[in-house]
Amino acid sequence: RIVYAYARPVGGKNDEDPTHLEISCVLHELARVAFSQGYFKQAMNTLKSERVILERLDETADHRAERIHQARLTNLTWLRKCAKEINEEDLATNYSSERSSLKKSFVRRKNDETERQSTIRIVDRVIFTVQISSKTIPLERDKSGSKREDLIYCLQELSHEINASSSSTAMRAEVLKFRDEIVKW
């Protein structure tokens with residue numbers, strides 16, 4: 001706790017555990033030892049402290065989201081075990097249902113992120129095609145108008161992808177601005 005004191009929340013109490021993944025790991029191991037020695041109440045209190053740290057980490061750390069998520073699931077499993085050992089069946093049921101909802105929310109969040117990344121790749125590909133098409137028209141003499149038709153087709157595809165995507169409004173606005181600049185030309 002002293003080594004990671006810099007990780008204490010701003011305005012936090014002095015006895016509050018620092019928000020650091022290593023602290024949560026140590027607390028988890030201490031709780032497992034207390035559980036194996038039959039100190040179920042102490043194990044439960046230690047696991048609750050770990051839970052607070054993991055929830056704070058989950059709110060702030062995107063780069064370790066999967067590891068923190070797995071640690072939260074493990075924490076809830078051990079809290080459920082402790083609750084069962086001290087005959088708190090209602091509490092054990094609450095931890096089980098919370099664990100299930102946490103699993104579902106992580107799967108949803110991961111699917112949303114995958115869909116967003118896929119949309120970004122598609123729009124990037126179409127923008128690149130539009131850029132290439134718009135650059136080749138002035139460089140080449142296009143008497144048949146085929147290059148212009150390619151550009152028009154690419155712009156239509158870009159419009160379709162913009163309308164089909166569920167991306168953020170900022171990204172959508174930038175893509176529309178790019179399309180409008182090409183159309184003006």
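The exercises cover helix pairs and then a cavity.

This is a predicted model, in which local features need pLDDT of at least 70, side-chain atom pairs count only at pLDDT 80 or more, and totals for chains, interfaces and linings use all residues. Residues are numbered from 1 along each chain as its sequence is written, and side-chain values use heavy atoms, with hydrogens and water left out.

**Exercise 1.** Describe how α1 and α2 cross.

Step 1. Helix α1 spans residues 21–36 and helix α2 spans residues 40–60; helices are DSSP runs (H or I, at least four residues) numbered from the N terminus.

Step 2. The axes of α1 and α2 come within 8 Å and cross at roughly 160°. Axes are lines fitted to C-alpha atoms, for helices over the stretch in contact, and angles run from 0 to 180 degrees between N-to-C directions.

Step 3. The angle makes α1 roughly antiparallel to α2 (over 145 degrees; under 35 counts as roughly parallel).

Step 4. The crossing of α1 with α2 is left-handed (the near helix is turned anticlockwise from the far one by less than a right angle).

Step 5. Contact means heavy atoms within 4.5 Å. Among the residues that make it are Leu27, Ala31 and Phe35 of α1 and Leu47, Glu50 and Leu54 of α2. The contact of α1 with α2 divides into 13 nonpolar, four polar and one charged residue. Ala, Val, Leu, Ile, Met, Phe, Trp, Tyr, Cys and Pro count as nonpolar, Asp, Glu, Lys and Arg as charged, and the others, Gly among them, as polar.

**Exercise 2.** Which way does α2 run relative to α3, parallel or antiparallel?

Step 1. The axes of α2 and α3 come within 9 Å and cross at roughly 155°.

Step 2. That makes α2 roughly antiparallel to α3, and their crossing is left-handed.

Step 3. The residues that meet include Leu47, Arg51 and Leu54 in α2 and Arg72, Leu76 and Leu79 in α3. By class, this contact has 13 nonpolar, one polar and seven charged residues.

**Exercise 3.** Which residues line the largest cavity?

Step 1. The structure holds one cavity of 30 Å³ or more. On a 1 Å grid over the protein atoms alone, a cavity is a set of points where a 1.4 Å probe fits but cannot get out, and lining residues have an atom within 4 Å of a point.

Step 2. The largest cavity has a volume of about 40 Å³.

Step 3. Its lining is Arg51, Leu54, Glu55, Arg72, Asn75, Leu76 and Glu98.

How values were computed:
Helix = DSSP H or I, 4+ residues; strand = E, 2+ residues; numbered from the N terminus. Parallel < 35°, antiparallel > 145°, perpendicular 65-115°, else oblique. 1 Å grid on protein atoms, 1.4 Å probe; cavity = no way out; pocket = protein on both sides within 12 Å on 5 of 7 lines; lining within 4 Å. Points joined across faces, edges and corners; volume = space filled by probe spheres on them.
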